[in-house]
Amino acid sequence: NTDENRSSKADTISGKLAQFAANLRYDDLPADVRERAQLVLLDALGCGLAGSTTEELLLIREAMRAAAGGVGDTQLWGTSECAPLPLAALANGAAIHAREMDDFEGCLHSGSVIMPAAFGTAVRAGSNGRDLLTAIVVGYDVARRALEGCGGNTPLKDKGWHSTSVCGGFGAAAAVSRVLGLDAERLQWALGYAGSNAGGTWAYIPDGAMSKRVHPGFAAQSGVVSAYLAASRVTGPTRIFEADWGGFFPTYAGDKAQPHKATEGLGS
């Protein structure tokens with residue numbers, strides 16, 4: 001039965017998050033949440049401009065130019081250059097995180113993941129400010145819930161995972177999906193792709209490698225691609241969080257996971 005199948009998919013963790021993300025409206029947001037969304041947006045833009053002049057970003061933009069072959073429609077912050085949206089999201093996410101001044105909210109440094117993905121998509125789509133701010137709130141909420149469902153940052157860190165990039169892709173995927181106006185079914189697929197592509201480990205520490213700065217960019221890029229795949233109805237897993245074999249929580253947090261926290265108080 002098709003209706004029963006859809007109902008069972010919607011009853012999963014990602015299904016509940018997708019319903020929330022697809023249905024939230026700007027008018028539903030309390031005044032303090034709206035103000036916070038504006039603040040984290042401005043903070044991310046400022047951090048991105050400050051980070052755009054670092055050594056890492058000069059090299060990252062060089063890499064993105066080479067990968068793009070000189071084409072693109074999304075601005076690389078702090079320059080007059082453009083790159084394709086997924087590559088620009090990577091570079092701009094790295095720029096926000098480059099000087100380690102970015103916010104510590106959501107999945108820890110959520111702005112460096114969610115903003116370049118949501119902002120770049122909103123500019124391309126011609127979205128208004130209300131739509132962008134709603135998408136930002138959705139992204140922060142979903143990213144934080146992915147982290148809380150793992151039992152917080154400690155279980156991830158103990159296993160060597162960098163929570164910003166591991167959990168951030170969920171927030172970016174949700175935010176971009178919101179900007180694109182995806183329904184709950186496709187938004188759930190986007191979350192499935194974000195979880196399928198989650199990554200980023202603490203292995204950069206022994207070298208002091210620049211890859212630490214790139215991790216948020218990878219998650220931002222993943223969120224963009226995940227949402228566009230879902231928009232084109234390329235189906236993704238609907239039990240991405242709780243599947244026994246390959247589910248995000250069992251795989252990344254093991255027995256320390258607390259899946260119920262991913263939907264606890266959802267909508268408040």
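## Helix packing and nonpolar cores in a predicted model

Ser222 lies in helix α11, where helices (H or I, at least four residues) are DSSP runs numbered from the N terminus. This is a predicted model, in which local features need pLDDT of at least 70 and side-chain atom pairs count only at pLDDT 80 or more, while totals for chains, interfaces and linings use all residues. Residues are numbered from 1 along each chain as its sequence is written, and side-chain values use heavy atoms, with hydrogens and water left out.

Two residues illustrate the accessibility classes, for which buried means under 20% relative accessible area, exposed over 50% and partly exposed in between (1.4 Å probe, protein chains only).

Leaving aside neighbours within four places in sequence, Ser222 is in contact (heavy atoms within 4.5 Å) with Ala194 and Asn197. The C-alpha atom of Asp255 is separated by 44 Å from that of Gly72, which is 183 residues away along the chain.

Helix α11 (residues 211-231) also packs with helix α9 (residues 163-180): their axes come within 7 Å and cross at roughly 40°, the axes being lines fitted to C-alpha atoms over the stretch in contact, with angles from 0 to 180 degrees between N-to-C directions. The two helices are therefore oblique to each other, since angles under 35 degrees count as roughly parallel, over 145 as roughly antiparallel, 65 to 115 as roughly perpendicular and the rest as oblique. Residues of α9 including Gly168, Ala172 and Val176 meet residues of α11, among them Ala219, Gly223 and Ala227. By class, this contact has ten nonpolar, eight polar and no charged residues, where Ala, Val, Leu, Ile, Met, Phe, Trp, Tyr, Cys and Pro count as nonpolar, Asp, Glu, Lys and Arg as charged, and the others, Gly among them, as polar.

A nonpolar core is a set of buried Ala, Val, Leu, Ile, Met, Phe, Trp, Tyr and Cys residues joined through side-chain atoms within 4.5 Å. The largest such core has 59 residues, and those with the most contacts inside it include Met115, Phe170 and Phe241. Among the elements that give two or more residues to this core are α9 and α10 (184-196), while α7 gives the most, with eleven residues. Apart from this core lies another, of 14 residues, including Ala83 and Leu90. Not counting residues up to four places away in sequence, Phe241 touches Leu17, Ala146, Phe170 and Phe249, among others.
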